[in-house]
Amino acid sequence: MKKHRLWKYLRDGSLPHFFCSGCGAAQILNFFLTAADQISLDFDKLVGIGGVGCTARIPVYMKAEVLHGVHGRTLPWATGIKLHNPDLKVVIFAGDGDAAAIGGNHLIHAARRNLDVTMIVANNLTFGMTGGQMAPTTPPTVKTATTPYGNQETPFDLCKLAVTSGATFVARWTTQKPKRAIESIKKGLLHKGFSFVEIVCQCPTNFGRKALSTDDAIECLEWIKENSITIRQAAEMSPETLAYRFVLGEFVEASRPVFTGSSVLNRSGSREPGFVEPP
Amino acid sequence: MGDIQKRVLTGTHFMLGNHAVVEGALAAGCNFFAGYPITPANEISQHMGLRMPSVGGTFLQAEDELCSIFALSGAALAGAKAMTATASAGFNYMQEGLGYAVAAEIPIVVVDVMRCRGENYATQSDVMQLRWGASGDHEMIVLAPASVQELFDFTIRAFNLAEKYRTPVIVMSETTIALMREKLVIPKPDEIEIFNRKKPDVPPDQFMPFRAEMNEVPPLPDFGEGYRILHSLNPHDEMGWIAWNPQVFDTLYQRITGKITANYDDIVRVDEYFLDDAEIALVVYGSESRPAREAMQSARREGIKAGLLKLNTIWPVPEKQLAKVARQADRVLAVEMNIGKYAGEIERVCCGGCPVSRITKNSGQIHSSSEIYQAIRESLN
């Protein structure tokens with residue numbers, strides 16, 4: 001029997017995976033492996049990191065070095081690994097809970113430092129594994145397990161947060177845009193510095209049922225598509241309207257020195273023009 | 001400080017306790033440090049910020065203690081000998097990462113410089129949170145230095161035990177000794193015993209990453225050496241695959257706790273003073289052993305047959321040594337700088353052999369030798 005072209009990257013005996021039927025996380029595993037395959041990523045030097053939750057299971061299926069199992073601490077792990085051995089390729093798979101809720105502090109600091117790792121955020125707009133509770137990314141007014149009267153909170157724009165904090169490659173796509181998502185993951189993997197790729201994805205079981213009144217993956221994807229807009233379209237919309245929309249595209253691609261430690265000997269200390277020397 | 005580019009500062013020094021921790025770590029081969037500012041542990045981070053880059057290691061000032069402890073795990077799996085230092089209130093945050101390091105069997109070293117509720121007064125109040133704070137059933141190795149020399153020596157030992165047993169090891173420091181300057185003798189590098197983690201002796205396709213005999217420690221390759229291991233907190237089988245069944249759970253966690261309990265004799269260290277003929281035996285750990293030794297000597301001068309058992313490893317509990325003392329002495333006196341926590345352990349082990357009384361102090365001050373001497377006299381009445 002002919003094996004799938006990505007089969008060789010999967011951990012032996014790990015299938016079938018544990019994702020629900022129609023889950024976006026499994027697509028993102030596919031996107032990543034496709035991107036990695038296209039750039040011939042060396043899996044002996046790859047460290048895949050997952051925290052806790054459905055998304056955190058993505059790297060578990062990969063035949064790479066893998067760390068898994070603590071909520072929100074993916075970036076601290078990555079920081080330790082990358083600083084000790086810069087030759088390793090470190091890729092983080094975080095859900096929106098991992099990245100924006102419990103791990104939010106680590107996200108802004110990894111971006112600020114320009115830590116040379118790639119973070120792929122599967123944003124399914126909810127806490128999927130625990131039963132569909134409201135997340136910091138849940139759109140306003142929708143029903144979730146903890147907001148039966150409709151979400152009263154303002155959601156995070158994670159890409160904006162990453163850009164503002166100093167990430168040097170930032171993109172957002174959806175599972176409804178596989179080719180674009182794969183291209184941006186490839187760019188992120190080849191980028192030197194903190195690359196952040198958010199992929200808005202469907203959770204038919206726990207977001208779909210409660211927020212969209214459907215557990216059909218296609219209907220969920222249709223909803224994501226209807227609410228997706230381009231960066232140019234977004235430029236003309238009010239912040240209130242944007243809270244309901246997914247702005248897609250690449251937001252930043254920049255270059256600055258990567259983080260090698262907080263106290264480093266003999267680092268060439270060229271400063272920006274206008275920097276005032278301390279007395 | 002001499003030549004800061006040397007890893008081992010062989011010679012005789014008059015050194016701050018917190019700096020001795022740094023020098024001990026570097027002598028043990030520590031090449032990754034992460035820390036978040038907190039008093040009274042700051043001199044460890046500050047000195048690491050100076051020393052670590054000079055010997056080619058990594059210094060990270062973390063955004064919080066959670067980052068510190070998890071950066072350690074990441075670095076250690078990438079091959080580093082990694083350490084962090086914090087103080088009681090910061091140690092709280094590290095419980096999550098300690099629990100992970102226990103379950104995923106990651107060698108790291110944590111220094112807790114104990115302090116009192118937002119102030120930097122002397123205390124031994126963390127003695128239980130060090131042992132029991134992390135979630136999940138676990139053993140914990142905790143060493144209790146009592147001097148600047150022991151801060152140096154025990155930090156080296158902490159790295160060796162962490163590497164040998166693939167587990168986190170805690171150095172329980174105290175305000176009293178961390179902020180004190182004292183004589184320190186640093187030996188030559190070749191006189192310092194160093195233990196490095198066991199590496200696999202088979203190629204990746206034959207390696208079972210979590211296979212080991214009961215109570216043994218599986219070898220640990222570095223990330224990037226081609227072994228492609230899955231490390232998870234979740235119950236995992238010998239291949240590392242996340243597997244939920246009672247058999248896997250039982251076998252894995254019995255081995256992880258068993259590797260500590262079965263090697264008790266290798267891990268536990270005590271110092272014994274005048275116990276052979278002692279009628280009253282003081283049991284102490286950490287800086288409280290200093291006034292306690294003075295009190296013991298005063299009692300001896302007065303004709304009271306006092307002895308002292310100093311616990312250098314406090315977790316696991318030195319049960320054999322405690323039981324022996326309880327058989328020999330007429331009374332055990334537990335001395336402690338908190339509301340009386342470890343005294344419960346001493347009572348648990350000793351109560352079958354002889355009565356145990358306690359002298360505890362929770363006022364941000366170490367016991368004076370006269371207070372302990374008084375307690376010795378009173379316990380004889």
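Reply: Start with a strand pair. Strand E2 (residues 65-68) of chain A pairs with E9(B) in the parallel sense, over three bridges. Strands pair if DSSP finds at least two bridges between them. Within this pair, A:His68 stands opposite B:Ser232 in E9(B).

A word on the model. It is predicted: local features need pLDDT of at least 70, side-chain atom pairs count only at pLDDT 80 or more, and totals for chains, interfaces and linings use all residues. Residues are numbered from 1 along each chain as its sequence is written, while chains are lettered from A and ligands numbered from 1 in the order in which they are written.

Now widen the view. In total, 37 residues of chain B are in contact with 34 residues of chain A. Contact means C-beta atoms, placed from the backbone, within 7 Å. On chain B, the elements that give two or more residues to this side are helix H2 (42-54), strand E3 (58-61), helix H3 (65-77), helix H4 (88-103) and strand E9 (230-232). Helices (H or I, at least four residues) and strands (E, at least two) are DSSP runs, numbered from the N terminus. H3(B) gives the largest share, nine residues.

What kinds of residue make up the side of chain B that touches chain A? They divide into 21 nonpolar, twelve polar and four charged. Here Ala, Val, Leu, Ile, Met, Phe, Trp, Tyr, Cys and Pro count as nonpolar, Asp, Glu, Lys and Arg as charged, and the others, Gly among them, as polar.

How values were computed
Two residues are in contact if their C-beta atoms, placed from the backbone, lie within 7 Å.
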